[in-house]
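Biologist: Hi, I'm new to this one. Can you show it to me and walk me through it?

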Amino acid sequence: MRILSGIQPSGNLHLGNYFGAIAQFLEKQNAGDELFIFIADWHALTTVKNPADLRRSVLEVAAAYLALGLNPEKVTLYKQSDIKEIPEFTWILNCIAPMGLLERAHSFKDKKAKGFEASVGLFDYPVLMAADILIVKPGGVPVGKDQKQHVEIARDLADKFNHLYGETFELPDPIIPTEVATIPGVDGEKMSKSYKNTIDLFGSDAELKKQVMGIVTSSTPKGEPLDYAKCNVFAIYKLLGSETEIHALKEKYRNGEVGYGDAKKMLLEKIHEKFDAAREKFAQLMQNPKEVEAVLTKGALKARKIAEVTLAEVRKKVGLSS
Ligand code: ADP
Ligand code: TRP
């Protein structure tokens, strides 16, 4: 199946992003799906106003995905803003998108409710998203729960286009990973950069240690049994350890053989074991941005070929000269 997903280039990637999104992409890549993954830099412009930050985040996200194992031979990785057909298609979709539909979109409603001044770009965010989805004609779109409504808007617009201009788009299905629980952060709430409770994948060794040692626990002293089911350290360890290791740690919690400090050290070791190769690769790619840019350029060429064909078909159907 052709699968497409976009990622906003903002902030450092954390364990929640890895287990909630990136691990799924790697699985799909290895299962032989046709994957299109792009960095949504036009979407990011709705919030990021500093050009250097935007440039750096785009590079970081691309380097992170490559370092974590996305294989550019198998996956088409590109920057949204390299696909010049998207804005024209967005305009065409704008002309069939009901205002009411967009007024009900969470992205717009939530930011407005929080008192942010809403730009026209923010209001139009779901239509841009519909364009970057539909232009590649994917069957499935993996997204977090928060993005489901946007994929539904893309389906509504595809359906409306089909009714007005004739069958053109298959309706893409949102793929919401159900089996992935919400990954807790260092305070036990959902790990999220907006809560500042993350364990970042690519921070320095010292930062990583500080984040892990800062995980909030109860104050039960070492020597007394600990409740692993209520422990934030264990909740994260569980994602990384083998079944035998998880079982062994459970026993130690029950018997009072470990204190929280020991458990944190074990977790830190596990994180290093799982991610050190990727952390090194990431540092190396950040030193060689040209290597990353070459991957993005190649990906854009491939995605653009598909986008050109879709846009030509769309232009013809709506009555623009092709
Ligand atoms: P953040 O909450 O840090 O801003 P994003 O909203 O940018 O993270 O999330 C990007 C992707 O990572 C989404 O697909 C989302 O489902 C996944 N993700 C983020 N945080 C978590 C988490 N704590 N648990 C599971 N998945 C997560
Ligand atoms: N809006 C998505 C997010 O914030 C990113 C995104 C943009 C996207 N275009 C997309 C996701 C198309 C899936 C498909 O996470």
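This is a predicted model: local features need pLDDT of at least 70, side-chain atom pairs count only at pLDDT 80 or more; totals for chains, interfaces and linings use all residues.

Biologist: Okay. How many helices and strands are there?

Modeller: The protein chain has 13 helices and 5 strands. Those are DSSP runs numbered from the N terminus, with helices being H or I of at least four residues and strands being E of at least two.

Biologist: And what are the spans along the principal axes?

Modeller: The C-alpha trace covers about 75 × 40 × 35 Å.

Biologist: What percentage of the residues count as buried?

Modeller: 47% of the 322 residues do. Buried means under 20% relative accessible area, exposed means over 50%, and partly exposed is in between (1.4 Å probe, protein chains only).

Biologist: Changing topic: how many positive and negative side chains are there?

Modeller: There are 43 positive and 43 negative ones, and the centres of the two sets lie 2 Å apart. Lys and Arg count as positive and Asp and Glu as negative, while His and the chain ends are not counted. Each charge is placed at NZ of Lys, CZ of Arg, CG of Asp or CD of Glu.

Biologist: How many salt bridges does that give?

Modeller: The count is 17 salt bridges, where a salt bridge is a side-chain nitrogen of Lys or Arg within 4 Å of a carboxyl oxygen of Asp or Glu.

Biologist: Which residue does Glu34 pair with?

Modeller: Glu34 pairs with Arg2, with the closest N and O atoms 3.1 Å apart. This pair links strand E2 (residues 34-39) to strand E1 (residues 2-7), the partners being 32 residues apart. Glu34 is partly exposed at 33% relative accessible area, and Arg2 is partly exposed too, at 23%.

Biologist: What about Lys298, which partner does that one meet?

Modeller: Lys298 meets Glu73 at 3.8 Å, N to O. Lys298 sits in helix H13 (residues 289-318) and Glu73 in the loop between helix H3 (51-67) and strand E3 (75-79), 225 residues apart. Both of these residues are exposed.

Biologist: And Arg304, what does its side chain meet?

Modeller: Arg304 forms a salt bridge with Glu85 at 3.1 Å, N to O. That joins helix H13 to helix H4 (residues 85-94), across 219 residues. Arg304 is partly exposed at 29%, whereas Glu85 is buried at 8%.

Biologist: Which buried residue has no salt bridge?

Modeller: Asp124 is one, and the nearest side chain of opposite charge, Lys160, is 13 Å away. Asp124 is in helix H7 (residues 120-134). Leaving out residues up to four places away in sequence, Asp124 touches Thr90, Asn94 and Leu102, where contact means heavy atoms within 4.5 Å.

Biologist: Last one: is Leu311 buried or exposed?

Modeller: Leu311 is buried, at 7% relative accessibility, and its place is in helix H13. Neighbours within four places aside, Leu311 contacts Glu85, Glu88, Phe89 and Ile92.

Notes
Residues are numbered from 1 along each chain as its sequence is written. Chains are lettered from A and ligands numbered from 1 in the order in which they are written. Side-chain values use heavy atoms; hydrogens and water are left out.
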